[in-house]
Amino acid sequence: MSLCGGTGAAAVPRLRPRAAQMARRPELLCGAAIVLGCAFLVALKVTCSRAKDVTMPAKLPVNFFSTRSPVIDLFRGQLDYADHLRQDSEIVLYFFYAPWCGQSIAAREEIEHVASRLSDQVLFVAVNCWWNQGKCRKQKHFFYFPVIHLYHRSFGPIEYKGPMSAVYIEKFVRRVMTPLLYISSRSKLLDFLSDYEPGVLGYFEFNASPQPPGYLTFFTSALHSLKKDYLGTIRFGVITDKRVAEEISLVHSGSVYLHRHVNTSLIYPNDVMNYTAENICKWALENREMLIRWLRPHGGKSLLLNNELKKGPALLIFIPYDPLAEIHPLLDEITKVALEYHSCNKSQAAEPDLQHLGDTDSPAFDSSVPDAHMKLSETFSITKYPCCNTVVLPQWHSISRTHNVCELCVNQTLGVKPNKVHMPHCNFLEIEAALDSFYLQEHTFFQVISNTIECSNFLSFYSPFSYYTACCRTVNRHFLSFISSEKTIFQTPKVAFSSHGKKENSQRSIPHIEDRNCFIPDFLISSTNITGLSCRTNKTLNLYLLDSNLFWIYAERLGASRSTHLKEFATIVDLKEEVHYVLDQNQSLVGSTLENFIKNFSILYSPLKRHLVDDPSVHFHEQHVITEVTTNTFHDTVFLSEKNVLLLYYAQWCGFCASLNHIFIQLARLLPPDNFTVARIDITQNDLPWEFMTDRLPTILFFPHQRKEQSVKFPEDFSVNLPNLLKFILHHSSPSSSELCTKECLHKETVLQQGHISHLEREIQKLRTEISALHQAHDQLEAQLSEARREEHRLQQQKHTLEKQHKTLQLHSEQLQATYDQKNQELLEMAEKLQELADASENLLKENTLLRILVAAREGKLQNKYETKESLQSEQTLSEDNDISVSTATTTLEEKRIDNTDTIETEHSSGNRTE
């Protein structure tokens, strides 16, 4: 005790100075706390780092392809073995897959189909690149599956990025197998050059060597083009005949020629660029001519379509395409149209059979007979085209008393006419454009005093397709008052139009605006007037092709019919103008219809009708108080209706729009259905003309009866409620203040307003009756609810009582169950004991039986013994004197034998009892 007490007393004085020091310097206390915290974190980290993650080992991979497939399946990712197989084959296709990938599973059948056709020429190897223990997973780091790589001997890999379809994969494999086409005759050369795809030709002399200088480089450049452009848009060919090479100005062996349809073809500049495979491929890709392009979206998130549509208006043509087919008639027609459309260097050249019409010295034109003039006069009579306007031009000098009066008409016999498009015969926009062009060039139509009518045909100032006709004459000023009444002055001109080729020295001749455009009748206009159209308009189209067998879903989104069996569709999409036009699907998709479609789009005031997206899932119900409007029913419901129309613009995602539904339902019930229509339109599913689109939701427009063009928008600063909507409708449904109204009109309006007021009063009375009925129902419901609450309270009490009784019964049940289990256990023990007693009594009975048998045997033996003794005594009495010693010994032995027998029997009976 003294030792412990002494130690504690000594330790306290030592701790007090340290505590006082820490109190004077609190930073020491903070430092100690930080040190202890760091020590704790280190210990915790060491402790946690000793715990190992428990992971389940991955299942062993199995065969992805069947064992009977021609594809070698390396399902354990043996990339080294795959490289070993590639050394013995010329063409090898690697199919890298992941077993869980749905696209890999879908492409498996396509790969097997291609392998069944080309397995004798190409080695097909499938490698599992997802097995974590395989070399493919360790060496390759793919971000998507499946991946197809092709090797042509030592060149590769050439990755295929096209559609996972058997025909496309087989086409690409065949291009890798034969990257060069060998051209040995002029006919083959013409076939090669007539194809719409850009072509690169190389000339090599194979007489001196089977592999001339530069041939392997050219061969490798063809493989490089496939590696950079998986679509294979550039074709490579080899000319083996010198005379054939001279057709395209190739003289020296090793020369390379790039063929272009529209622009000038090129020859590879050996003196500027090194003759390497990469340079040849780069040169061909940079200078190739893309008249029409294939689009093959891969189906996932991609900017392919967006990037192409941003380049300008696009003509998307969907056609069924088989890459393995040798001929494509429809594709040939489309490429012919594309070639004519882009042939700008031929746009100014007239057709051979029409050149004599535009020649100034053509004798055929000068020697035209009067009958022919009359025929032309009848053909081009202005009166046949009622889209005309009278224009009066003053002379240069204000003191002049003459004016040039012209009848300006839209000439619908020249230029590009809208074909198979339903439109008014006379369009206000057309005559407005004619007036603009006329006033911009009005100085051309001044002439001296003349009583003859001079007609001139001139081109639109804005569009290269619209032609106008101006028939002018000089009149005095006092004659101008008769122009309006004398409408027949210009109806039937007595002279034909002045020819462009005829040079007259008379001052009465009118100079023509477009000397290079001869006035050609409609029946002489060639179908090649689309030639060079891309360079004669600012609405140039980019042409694209899509395989409808793969991408028909895009066509349906753009307006294609879902029920059509022939998957051919054409549409023009203008992303900048946010419009697209659809070619009538009732017309067959041929070259002529495409030409008309392109020409109608290129006109300044295009007659094409903007395609509006319509929601086909809308079902109309007559019993609905609010009318659902779609794109197709908008015009009939709003403009052709003889009612006032209130239209709500909404969207499914607009939460505030949904909150207005009950207000519009009440409004539709209040307004008389004979005079008002309450409608709504889902603006996200239905397109409307631009003047009726909106940029915010919800938007409310009101179209008054007989004044539908004076639609009014509900003010945005007003809250959307029933009173405001009623005031808005009643205010704008009355005639405008600018209209003069008679007493009869005012009386009718008063009657109409009184009818509206009486109708509203009746509706208000109905609402009041309904409100009183609702109040009564509310009181009844309150009484029922109070009764229900009391009943619920009583039921709750009963429930608690029953729960208590249930708990008591459950306790008794548990006790009874325990007693039952105890008694049952005791009964089982008693039964076991009784069974033991029964077994013991049975054993005792058996032993008793054995004892009786032994007793009986013993008595028999004793009886024999007694008999033996009597016989011995009698013998003894007879021969007492003989052999006394012998008899004694015999007796002793007999007794021993009998004792031994008894002992054995006793042991036997004891053994039986034991058993």
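Q: Rings of Phe, Tyr and Trp (its six-membered ring) pair if their centres lie within 6.5 Å, with planes under 30 degrees apart counting as stacked, over 60 as edge-to-face and the rest as tilted; which residues do ring pairs link into a cluster?
A: The model is predicted: local features need pLDDT of at least 70 and side-chain atom pairs count only at pLDDT 80 or more, while totals for chains, interfaces and linings use all residues. Residues are numbered from 1 along each chain as its sequence is written, and side-chain values use heavy atoms, with hydrogens and water left out. The cluster linked by ring pairs consists of Y94, F96, W100, W130, F142, F145 and Y151.

Q: What relative accessible area does Y275 have?
A: The structure holds 32 aromatic pairs. The rings of Y268 and Y275 have centres 6.0 Å apart and planes at 80 degrees, so this pair is edge-to-face. Y268 is buried at 3%, where buried means under 20% relative accessible area, exposed over 50% and partly exposed in between, with a 1.4 Å probe and protein chains only. Y275, in contrast, is partly exposed, with a relative accessible area of 26%.

Q: How many residues apart are F714 and F728, a pair that links distant parts of the chain?
A: F714 and F728 form an edge-to-face pair, 5.2 Å from centre to centre and with 85 degrees between the planes. F714 lies in the loop between β24 and α22 (722-732), and F728 in helix α22; helices (H or I, at least four residues) and strands (E, at least two) are DSSP runs numbered from the N terminus. F714 counts as buried at 6% relative accessibility, as does F728 at 7%.

Q: Which elements are included in what covers the buried residues of α18?
A: Eleven of the twelve residues are buried, so α18 is largely enclosed by the rest of the structure. Among the buried residues are T593, N596, F597 and F601. What covers the buried residues includes β12 (314-319), α12 (329-342), β18 (569-574) and β19 (579-582).

Q: How many nonpolar, polar and charged residues does the contact of α12 with α18 have?
A: The helices α12 and α18 pack at an angle of about 35 degrees with their axes 9 Å apart, the axes being lines fitted to C-alpha atoms over the stretch in contact and the angles running from 0 to 180 degrees between N-to-C directions. Contact means heavy atoms within 4.5 Å, and here E333, I334, V337 and Y341 of α12 meet G591, L594, E595 and I598 of α18. Ala, Val, Leu, Ile, Met, Phe, Trp, Tyr, Cys and Pro count as nonpolar, Asp, Glu, Lys and Arg as charged, and the others, Gly among them, as polar. By class, the contact has five nonpolar, one polar and two charged residues.

Q: Where is P157 found?
A: Most residues other than glycine have a negative phi, and most peptide bonds are trans. A cis peptide bond with omega of about -5 degrees joins F145 and P146, and P146 lies in the loop between α5 (135-139) and β4 (147-152). The bond from G156 to P157 is also cis, with omega near 0 degrees. The element that holds P157 is strand β5 (residues 155-160).

Q: What relative accessible area does Q706 have?
A: R153, in the loop between β4 and β5, has a positive phi of about 60 degrees although it is not a glycine, and R153 is exposed at 55%. Q706 lies in the loop between β23 (699-703) and β24 (712-713), and its phi is near 65 degrees, a positive value in a residue other than glycine. Q706 is exposed, with a relative accessible area of 67%.
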